[in-house]
Each structure stands twice: as C-alpha cells, then as structure tokens.
Amino acid sequence: MSLEPVLAFFLIRHLRKNLRTFSPDAWWDKIFTYSMYGVIFLVILQQILSLTFVTMWVWHMLLLGIVYISFSLPLFSRVRTVMIAVLPLIVLSLSSDIIKSVNHNLHKNLETYINIAFAIAITWMVAMLI
C-alpha cells in the first residue's frame, strides 16, 4: 500500500475537523464523512481486486482535489498551511507515477534522485506540520 490513501484519509479528516471547529457546515461535513468512508472502501477494493494501476490515479486526483478545494474556497483558508506542507509530496508522487507510466527506463535512471526528493518532501512536511 502506498502513502496516498493514508495521506488522503488524514487530509480529509483534518479538513472535516477544522470545518467543524471554525465554521460548521452540515453539507461539507457530510461530504467529508462520505469521502472518508470512500477512501476506506477504495483501499479495501484495491487490496481485494489488485487494481493498483487504476486506484493510483484515483488517489492522485483525490489529493489534487483536496488541495484545490483548500486553496480555492475561502471557507478552508485555515488549512492552507497543512496543504502547503503536503503539496511537495503530492506533486512528487504524481510526477513519479507519470514518469513511470510514460517511460519506465527513465524512471529507473531517476529512481535514486526521486527517492532523495521523497526524503526531502517528507522532511519538509514534518517540519511544516511541527
């Protein structure tokens, strides 16, 4: 299992918790609740049916959607710092998967650099969250 499902679950949870605290909105709360259940369902489905290639792109779109929502709607302005913390990791993961899908040999050649970039992105995320 990759990092994307865990990241998606906790970002949705953080958005929901922040929304409940600062400006309760029943419609968004319902969407985030269903999204959390959807993430769990998709993880189970991914493990049972081995749909890794398909679900990989679903995770990327979900994470990009979460980031887009948090930056485009003023209602979620309080969570932008968290989104800035995870954005390098999301972009790096998406870029790595695109390179791997388009040219596997290029990805093999860049794998060391990609791993170093992941370590830097995780360090960035932890530092920003602390």
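1. D29 is found in helix α2, residues 26–49 (helices are DSSP runs of H or I with at least four residues, numbered from the N terminus). Leaving aside residues up to four places away in sequence, D29 touches R16, L19 and R20 (contact means heavy atoms within 4.5 Å).

2. A word on the basis of all this: the model is predicted, local features need pLDDT of at least 70, side-chain atom pairs count only at pLDDT 80 or more, and totals for chains, interfaces and linings use all residues. Residues are numbered from 1 along each chain as its sequence is written, and side-chain values use heavy atoms, with hydrogens and water left out.

3. Next, a helix pair. Helix α3 (residues 52–72) packs with helix α4 (residues 80–102) at an angle of about 150 degrees, their axes being 10 Å apart (axes are lines fitted to C-alpha atoms over the stretch in contact, and angles run from 0 to 180 degrees between N-to-C directions). That makes α3 roughly antiparallel to α4 (the term applies to angles over 145 degrees).

4. On the α3 side, the contact includes F53, W57 and L64, and on the α4 side R80, L87 and D97 are among the residues. The contact residues divide into 14 nonpolar, four polar and two charged.

5. Finally, please look at helix α5 (residues 104–129), which has H107, I114, A121 and M125 as its buried residues. What covers them includes α1 (3–22) and α4.

Notes:
Helix = DSSP H or I, 4+ residues; strand = E, 2+ residues; numbered from the N terminus. Parallel < 35°, antiparallel > 145°, perpendicular 65-115°, else oblique. Nonpolar A, V, L, I, M, F, W, Y, C, P; charged D, E, K, R; others polar. Buried < 20%, exposed > 50% of the residue type's maximum accessible area, 1.4 Å probe, protein only.
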